[in-house]
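Subject: Structure handover

Hi,

Here is the structure I promised to pass on to you.

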Amino acid sequence: DDQDEVNQNYLADEEEDAEQEAQMMMVPGLEEEEEEEEGKEEEEEREEEGQGQPTGNAWRQKLQIVTEYLWDPEKRMSLARTGQSRSLILVIYFFFYASLAAVITLFLYMLFLAISPYMPTFTEQVKPPGVMIRPFAHSLNFNFNVSEPETWQHYVVSLNGFLQGYNDSLQEEMNVDCPPGQYFIQDGDEDEDKKACQFKRSFLKNCSGLEDPTFGYSTGQPCILLKMNRIVGFRPELGDPVKVSCKVQKGDEYDIRSISYYPESASFDLRYYPYYGKLTHVNYTSPLVAMHFTDVVKNQAVPVQCQLKGKGIINDVINDRFVGRIIFTLNIET
Amino acid sequence: MKRKSGGSDSYRVATSQDKKDDKGSPKKSKAKERRDLDDLKKEVAMTEHKMSVEEVCRKYNTDCVQGLTHSKAQEILARDGPNALTPPPTTPEWVKFCRQLFGGFSILLWIGAILCFLAYGIQAGTEDDPSGDNLYLGIVLAAVVIITGCFSYYQEAKSSKIMESFKNMVPQQALVIREGEKMQVNAEEVVVGDLVEIKGGDRVPADLRIISAHGCKVDNSSLTGESEPQTRSPDCTHDNPLETRNITFFSTNCVEGTARGVVVATGDRTVMGRIATLASGLEVGKTPIAIEIEHFIQLITGVAVFLGVSFFILSLILGYTWLEAVIFLIGIIVANVCLTLTAKRMARKNCLVKNLEAVETLGSTSTICSDKTGTLTQNRMTVAHMWFDNQIHEADTTEDQSGTSFDKSSHTWVALSHIAGLCNRAVFKGGQDNIPVLKRDVAGDASESALLKCIELSSGSVKLMRERNKKLSIHETEDPNDNRYLLVMKGAPERILDRCATILLQGKEQPLDEEMKEAFQNAYLELGGLGERVLGFCHYYLPEEQFPKGFAFDCDDVNFTTDNLCFVGLMSMIDPPRAAVPDAVGKCRSAGIKVIMVTGDHPITAKAIAKGVGIISEGNETVEDIAARLNIPVSQVNPRDAKACVIHGTDLKDFTSEQIDEILQNHTEIVFARTSPQQKLIIVEGRLIFDNLKKSIAYTLTSNIPEITPFLLFIMANIPLPLGTITILCIDLGTDMVPAISLAYEAAESDIMKRQPRNPRTDKLVNERLISMAYGQIGMIQALGGFFSYFVILAENGFLPGNLVGIRLNWDDRTVNDLEDSYGQQWTYEQRKVVEFTCHTAFFVSIVVVQWADLIICKTRRNSVFQQGMKNKILIFGLFEETALAAFLSYCPGMDVALRMYPLKPSWWFCAFPYSFLIFVYDEIRKLILRRNPGGWVEKETYY
């Protein structure tokens, strides 16, 4: 209505100035639209005032205002600033942001000084340990057809790649053979390099890929490797190594008739703990437990849940299904 | 009622309004509707008061004894409609509600919410185990829109009750005479031409032309602001219908007496009806502040849409899926639009703090037209001076009578106080014994109340005095041995003096000679010149022989003497100026604002008050003053010599707008006296509101940067998201709300009134300097504070800043459950998400911490906070409130599930402290330079 009209006109006047502010933020398209609107309003205004000026004039004036705003030859100003004032403000902002950058750098430097590079300040969020399996292809469903090698070949490749670091020769060369059944504690300075215990590929026997290079996939008896997430300073209870046990998650529990575990103890030996962190414990090799599903119902999806068992292990967190357990499905077709 | 035709000879006293119109909206459009409003603004055009009773009756086809016939009344009622104010055209409630719910940028939020639900739906369809984040966010967004929508609807509903209060002014019942019969009818059924009888206590049912009256007085204060009841009689005493005595107005009150009149106007055609229409018509107009806020919101919405769309495109280019891009888009829109919600709320709050009308002309005020009664003065009549024993005494108005006093033992004073106490119908309302006399409520008119209080203070209980001296006007005396009756009388001094033959001096009656009359005149003029209302008092002991005890006095048929009385003295009352007014006027002056007083009072009174409050300053003279000083006729004085000017309302009517312009230009100090309500305007104190709104906006805008930069870095540098959408909502709708509003209560800076008035075309609410300060400088420091906390938490949990860049793809992959951190530890998805949400919480808390400093620096725009002080209690409350809210959100059990906010270690609260301190120091230094170097580069670039 009338009053609104007046206000809009009023706004239109303001928009000229507002554009200056909004210049940096507005989409060019938006701006043009607004200019159009302005133009229209101006026309209306003129008609209403009845001054009888040609409407084209308003357009030309608008254009002139905009061009003058972009470049005003008289005052040698562009975007309502002279080159001098523009460069001054740019320089000031440059120094302002440079000093802010210096401030944050200083604070981050202080942060680095304050926290230890060897031992995380807090580890409670990463405990209790999570569980992951190999082969891993961004999916926890193992679907393959025994008779079609291309359906399981990528698992074999993945496992082979993963086990490269566990090759016996490499382990013997890099790591020490430490006594089983007890922690491999290395006292001494934090920054001293730590030795790592050997975990040889051959420990995995039938699942090592040494005898059966297809890890059992070609016979419908797939090997799946399970590893526990590394946590700096984590130690299982003394004399009670973390064990792994798998069963059908839901459905008929006899869908899995037999599983072989390698090493046969189905546990992570105590000598692989504690972990001293990436920086000093360079060659640390995560211990593995291989599950050899030697007799599983074929041609049907079998949900499998593998759990860690042991003191200090939690395996029933509802909203995190990877803490202390892992669930995957096996669907082996023949 | 006729309206003056056309707008050619129209004038308006609303000069500042005119100016505003010229500046703000020079393009007059659709002039027709406006002309209607102009017509309304014009002086009431009524001619009935100038006609004789017979002419009026003839005009309305009525009989001034018998009244209308029933059928005729029905006929007119059918023609004119009921005698009630028409409510303004209303939009249906549900339309209003929907407008609040879907109008403007709430639609943006709705889009956001719908996108959220859509994203969730798609996730639910494609993934086995969709995260509920999007669903929650959608619900929260929808809730926010609905709640704010309901809230603003409620507020709008509240404001529309203004009109309803006008409805309540309509009288309920009226006593009309039809076919010679008196009958009670519903006031709505009163029609033009009806004969109506009113008596004391009634509300006038319509505009009446009085045809007979008995001691009728009406209270026109709701219409004219005149607090004194005015006599009504059948005679035309004035050309102006508002001034003449033979018209009473719809919805005013009859205080005493009875009157009979012919209805000349009903419903919307009455004077009050026109004002009601005017008032509701004015609501349509947008105030400058509303325009500013609209502009601001448009700007912010523009920014939001621009940022949202460019982020959307950017994230698509960077290879995110369109679903992810949509989620980013939602985040950006939410961050920006919720911000405007706060701003809008705050603006509304601001408008509620002062009343909405007062914001009308805002900081752009160049002229203030002020009403006298109630605005400049306290609207509390007080006895200021007395004249007796040929001497002017100052009345003592202190509660304990400790002020300067006069000889109370004087017989004349005793007589005077007797008269004032007895010839007075004002009584204290019950149950006020413990309240100081000056503050008690009184039933009675203003001057009698003033007298009552004065006498109560100086001579003790008036009630007792009245009990001892029974009957009104003629009293038995206290002295049991004295059987004479006492006649007391008060009134206009010159009339009283005319009835007197003697004067009481030092307790002795003396003949009233020329010398005494001269003394009386001088005292009267002196008191009158002070702008005081003067009353004369006299008494007379009726001779016992003529009026023995038990004599039947008859007031209607005066059977006792009312001449040759004994003059006792004068008392004068003043409506004292408010204590803060002279100072305020001075401040306005120094700010270059012209202050004009507009009042219905007598010019002499008006001038005196104007001088008292500094509207006419010391030494400035009006034309009349100069004429009196030089002893020449007024016409010979060069009007340019007079800086001050008192204009009579009736003269004003005859001025052309050019003449008014000339007067406004030539005189710096102007008083309009005897003006009608249509000519009055409202005092405006808008600068503070504008200033504080600016501060509020600067405060809220600042947190926009720490809200948006996390998204920016998340998308550009592929780091885990530092601040989530829910936490952004918590800031914008939670912690920032009270502090932003509290800035509205901030006291003015010392220089506020020394600044020039705001130019609405160049000084805007949000200017590039404000943006540059809020976004470019303070906001950046805030963002650093937030990021620092984020880095600290991630680093302490094992993810050092160096490892973060590029980690996002694996970080947000649900199937990666052995993500390695800088120490070689491996994290499951949920474990690292808990850390991420802890980071969100910490970022949120950091923003709260840096907003402390921001709030304190936003208190002032130029002064140091050490000059300004921390006196704003609401602001201090706001600081505690936001902190408590942040702590609650972080530590309340269940928040990890509800909002995914996790408890923080105490040390993480301190991460942002240095940045808070940095903001404070940075801005204090900036303001120091600003003050030291006025007009310098820093002011030009950073003073918003």
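**A loop in chain B**

Ala84(B) sits in the loop that runs between α4 (70-80) and α5 (93-102) of chain B; helices (H or I, at least four residues) and strands (E, at least two) are DSSP runs, numbered from the N terminus. Before going further: this is a predicted model, in which local features need pLDDT of at least 70 and side-chain atom pairs count only at pLDDT 80 or more, while totals for chains, interfaces and linings use all residues. Residues are numbered from 1 along each chain as its sequence is written, chains are lettered from A and ligands numbered from 1 in the order in which they are written, and side-chain values use heavy atoms, with hydrogens and water left out.

Which residues does Ala84(B) contact, leaving aside its neighbours within four places in sequence? They are Glu188(B), Gly267(B) and Asp268(B), where contact means heavy atoms within 4.5 Å. Asp268(B) is 184 residues away from Ala84(B) along the chain, yet their C-alpha atoms are separated by 6.8 Å.

**Helix pairs in chain B**

The loop with Ala84(B) leads on to α5(B). The axes of α5(B) and helix α6 (residues 106-126) of chain B come within 6 Å and cross at roughly 65 degrees; axes are lines fitted to C-alpha atoms, for helices over the stretch in contact, and angles run from 0 to 180 degrees between N-to-C directions. On the α5(B) side the contact is made by Gln100(B), Leu101(B) and Phe102(B), and on the α6(B) side by Ser106(B), Ile107(B) and Trp110(B). These divide into 4 nonpolar, 2 polar and no charged residues (Ala, Val, Leu, Ile, Met, Phe, Trp, Tyr, Cys and Pro count as nonpolar, Asp, Glu, Lys and Arg as charged, and the others, Gly among them, as polar).

Further along, helix α31 (residues 829-858) and helix α36 (residues 913-932) of chain B pack with their axes 7 Å apart, at an angle of about 15 degrees. The two helices, α31(B) and α36(B), are therefore roughly parallel to each other (angles under 35 degrees count as roughly parallel, over 145 as roughly antiparallel, 65 to 115 as roughly perpendicular and the rest as oblique). The residues in the contact of α31(B) with α36(B) comprise 10 nonpolar, 1 polar and 3 charged. Among them are Trp852(B) and Asp854(B) of α31(B), and Phe920(B) and Lys927(B) of α36(B).

**Transmembrane annotations**

An unreviewed UniProt entry lists several "transmembrane region" spans for chain B, including residues 135-154 and 874-891; the positions are given in the numbering used here, feature names are shortened, and annotations may be inferred rather than shown by experiment. In the model, residues 135-154 of chain B are 100% helix and 0% strand, with the end C-alpha atoms 28 Å apart. Residues 874-891 of chain B are also 100% helix and 0% strand, and there the end C-alpha atoms lie 25 Å apart.

For chain A, UniProt (unreviewed entry) lists residues 88-115 under "transmembrane region". That span is 96% helix and 0% strand, with its end C-alpha atoms 41 Å apart.

**Sheets in chain A**

An open sheet of 4 strands has the order β3-β5-β9-β7 (chain A), with antiparallel pairing; two strands pair if DSSP finds at least two bridges between them. Why is one side of β3 (131-134) and of β7 (256-262) of chain A left without a neighbour in the sheet? Both stand at the edges, each with a single partner strand, so one side of each has no neighbour there. The twist averages 30 degrees from one strand to the next. Helix α5 (residues 149-163) of chain A packs on this sheet, touching β3, β5 (223-228) and β9 of chain A, and its direction makes about 40 degrees with that of β5(A). β7(A) pairs with β9 (residues 288-296) of chain A over 6 bridges, in the antiparallel sense, and Ser258(A) has Asp295(A) as its bridge partner in β9(A).

Another open sheet, of 5 strands, has the order β4-β11-β10-β6-β8 (chain A), with mixed pairing. Its edge strands are β4 (141-145) and β8 (267-268) of chain A, each pairing on one side only. β4(A) runs parallel to β11 (residues 325-333) of chain A and is joined to it by 5 bridges; Asn145(A) stands opposite Glu333(A) in β11(A).

**Backbone points**

Most residues other than glycine have a negative phi, and most peptide bonds are trans. The bond from Lys127(A) to Pro128(A) is cis, with omega near -15 degrees, and Pro128(A) lies in the loop between α4 (83-114) and β3 of chain A. Tyr262(A) and Pro263(A) are also joined by a cis peptide bond, with omega about -10 degrees. Lys205(A), not a glycine, has a positive phi of about 50 degrees.

Best wishes
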